[in-house]
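Trainee: Could you take me on a close look at the interior of this protein, and show me how its parts meet there? I would like to follow it residue by residue.

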Amino acid sequence: MSELPIIFTSESVRAIEILAKTQTRRVVACPRWAEPKTLEVDPDDPHKLLVVCRQSGCLAEVKPRYQVGDRLWVKEPHWRFTGCGQPGPEFIRSPDGDRYKARAWLDAIDGDDLSSVVKVSPLYMPRWAARHLIDVLDVRVERLQDISEKDAVAEGVESHIDDGATYYGLFGNGHASAVHEFHRVWDRINGKRAPWKSNPRVFVYEFRKVD
């Protein structure tokens with residue numbers, strides 16, 4: 001078992017916290033050492049992807065970054081305390097004195113001087129500040145648009161009930177289809193690099209939050 005970092009948006013972290021998100025899809029990148037456009041699913045094992053090596057011409061497996069059994073620590077947007085005052089109880093203090101505020105979904109910090117904090121990219125969250133751990137239960141390969149309604153719900157898309165029916169998305173502007181909402185969220189996050197319409201291959205990670 002390896003312990004590795006994984007980045008999530010603030011919305012995804014909220015969904016993980018309430019156990020609404022148990023899957024994540026990550027685009028499969030063709031390795032630099034492989035021939036372009038040779039990425040194909042192994043006909044003998046749909047969980048594997050194969051590419052042609054540039055130098056040897058042989059087939060090689062493209063392995064996912066995370067494996068079944070790995071434990072991942074969640075990197076999320078957070079707040080760094082930069083003032084000289086005393087941090088509030090929701091700040092996390094490291095041994096060397098740096099202070100982080102991990103409640104990333106707060107647009108304002110009640111009771112604190114906003115001039116004393118800066119929002120920091122999840123790329124720079126250190127291990128000590130991580131609030132959540134998840135265990136990888138399964139990994140598979142599929143096309144992005146092959147996602148089912150059940151799996152779109154497992155991706156943690158926001159939902160609400162209106163007149164007894166379940167809708168996905170913001171209240172008053174939701175959809176009856178969880179896939180439709182997942183499509184919208186995907187393009188908001190990945191639209192420039194791998195839009196929904198390009199239907200890229202993705203590694204599908206199923207996971208469980210560690211209590």
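Mentor: Happy to. When I say that two residues touch, or are in contact, I mean that they have heavy atoms within 4.5 Å of each other. What you see is a predicted model, where local features need pLDDT of at least 70, side-chain atom pairs count only at pLDDT 80 or more, and totals for chains, interfaces and linings use all residues. Residues are numbered from 1 along each chain as its sequence is written, and side-chain values use heavy atoms, with hydrogens and water left out.

Let's start at L49. Leaving aside residues up to four places away in sequence, L49 touches V28, L39, E40, V41, A60, E61, V62, V141, R201 and F203.

Now widen the view. The protein has three helices and 14 strands; these are DSSP runs numbered from the N terminus, with helices H or I of at least four residues and strands E of at least two. Of its 211 residues, 42% count as buried, that is, under 20% relative accessible area, with exposed over 50% and partly exposed in between (1.4 Å probe, protein chains only). A nonpolar core is a set of buried Ala, Val, Leu, Ile, Met, Phe, Trp, Tyr and Cys residues joined through side-chain atoms within 4.5 Å.

The largest such core has 20 residues, and I6, F8, L49, I134 and F203 are the ones with the most contacts inside it. Two or more residues each come from α1 (10-17), β4 (45-52), β6 (71-75), β11 and β14 (201-209). β11 gives the most, with four residues. A second core of twelve residues is separate, and A152, V157, A178 and V204 are among its members.

How does helix α1 sit in this picture? S10, S12, V13, A15 and I16 of α1 are buried, and the buried residues of this helix pack against β6, β11 and β14. L19 follows α1 and has a positive phi, near 65 degrees. Most residues other than glycine have a negative phi. K37 is another case, with a positive phi of about 60 degrees although it is not a glycine. K37 lies in the loop between β2 (23-27) and β3 (40-42), and at 83% relative accessibility K37 counts as exposed. N199, in the loop between α3 (178-190) and β14, also has a positive phi, near 50 degrees.

Strand β1 (residues 3-7) carries L4, which counts as partly exposed because its relative accessibility is 23%. L4 touches R65, Y66, D70, R71, L72 and W73, not counting residues up to four places away in sequence. The C-alpha atoms of L4 and V74 are separated by 8.8 Å, although these residues are 70 apart along the chain.

Y66 brings us to the aromatic rings. Rings of Phe, Tyr and Trp (its six-membered ring) pair if their centres lie within 6.5 Å; planes under 30 degrees apart count as stacked, over 60 as edge-to-face and the rest as tilted. A search of the whole structure finds five aromatic pairs. One of them joins Y66 and Y205, whose ring centres are 5.3 Å apart and whose planes stand at 70 degrees, so this pair is edge-to-face. Since Y66 lies in the loop between β5 (59-62) and β6, and Y205 in strand β14, the pair ties together parts that are 139 residues apart in sequence. Y66 and Y205 are both buried. Y205 also pairs with F203, in a tilted arrangement with 6.4 Å from centre to centre and 50 degrees between the planes. F203 is buried, as is Y205.
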